[in-house]
Amino acid sequence: MFGLFRKRDDDERAVLVEPWPRIPVAPWAGGGATAEAAALAMPSKRRPSVPGVVFTVPEGRAGVPLADVLSFMEDETMVLDTTHGPSFYAVWTQAWPKKSGTGVGDMLEGEAPGGLAFLSAAVEAPPTVVLRDAELASFRAWVAALPS
């Protein structure tokens with residue numbers, strides 16, 4: 001997890017490698033987004049890859065380590081920063097009050113609490129995808145069912 005505007009160094013970026021998990025998991029889709037379980041290469045001598053989730057939204061396709069996704073799902077005040085592919089953020093709509101004085105807050109103005117929004121890292125346009133209600137519950141259940 002990283003702060004909203006902190007960038008990772010290029011050598012920290014994850015890339016897709018061998019299939020994970022061993023038993024295929026069907027991708028999740030809803031609300032204009034998809035998510036797939038995939039191994040992410042990590043620059044480490046101890047571990048060539050880690051379990052991850054690859055998100056596809058209108059801003060692009062990017063991966064995040066599964067541990068980060070699980071932490072994000074448990075803490076609705078966090079920002080999830082993608083690590084492989086175009087940079088975009090997943091943010092909880094209740095974490096950004098109206099008139100917060102931030103780019104994200106400005107873009108989420110008018111969004112009701114209780115959703116998961118995907119925004120470009122440039123924070124220059126409103127969210128293209130906001131998961132709510134049944135779609136968000138379905139996504140949460142899919143993440144919870146992933147093998148760790």
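**Ground rules**

I number residues from 1 along each chain as its sequence is written, and my side-chain values use heavy atoms, with hydrogens and water left out. Since the model is predicted, I ask for pLDDT of at least 70 for local features and count side-chain atom pairs only at pLDDT 80 or more, while totals for chains, interfaces and linings use all residues.

**Entry 1: salt bridges**

I searched the whole structure for salt bridges (a side-chain nitrogen of Lys or Arg within 4 Å of a carboxyl oxygen of Asp or Glu) and found three.

I looked at Arg61 and Glu36, whose side chains meet at 2.5 Å, N to O. This pair links distant parts of the chain, with Arg61 in strand β5 (residues 60-65) and Glu36 in strand β3 (residues 33-41), 25 residues apart. My helices (H or I, at least four residues) and strands (E, at least two) are DSSP runs, numbered from the N terminus. For exposure I call a residue buried under 20% relative accessible area, exposed over 50% and partly exposed in between, using a 1.4 Å probe and protein chains only. Arg61 is partly exposed at 39%, and Glu36 is partly exposed at 25%.

Next I noted Glu76 and Arg140, joined by a salt bridge of 2.2 Å, N to O. Glu76 sits in the loop between α1 (66-74) and β6 (79-81), and Arg140 in helix α3 (residues 133-145), 64 residues apart. Their relative accessible areas are 29% for Glu76 and 28% for Arg140.

My last pair was Arg132 with Glu111, where the closest N and O atoms are 2.8 Å apart. I have Arg132 at 22% and Glu111 at 26%, so both fall in the partly exposed range.

**Entry 2: the sheet**

I followed an open sheet of four strands in the order β6-β7-β8-β9, with antiparallel pairing; strands pair here if DSSP finds at least two bridges between them. The edge strands are β6 and β9, each pairing on one side only.

How many bridges join β7 (residues 88-92) to β8? I found five, and three between β6 and β7. Tyr89 has Leu119 as its partner in β8, and Asp81 has Tyr89 as its partner in β7. Trp92 stands opposite Leu116 in β8.

I then checked burial along β7: five of its five residues are buried. Phe88, Ala90 and Trp92 point one way from β7, and Tyr89 and Val91 the other way.

**Entry 3: nonpolar cores**

I took a nonpolar core as a set of buried Ala, Val, Leu, Ile, Met, Phe, Trp, Tyr and Cys residues joined through side-chain atoms within 4.5 Å. The largest has 27 residues, and Phe55, Leu116, Phe118 and Phe139 have the most contacts inside it. At least two residues of this core come from each of β3, β4 (49-57), β5, α1, β7, β8, β9 and α3.

Another core, of 10 residues, lies apart from it, with Tyr89, Val91, Ala117 and Leu119 among its members.

Leaving out residues up to four places away in sequence, Phe55 touches residues including Arg61, Phe88, Phe118 and Phe139.

How values were computed. Contact means heavy atoms within 4.5 Å.
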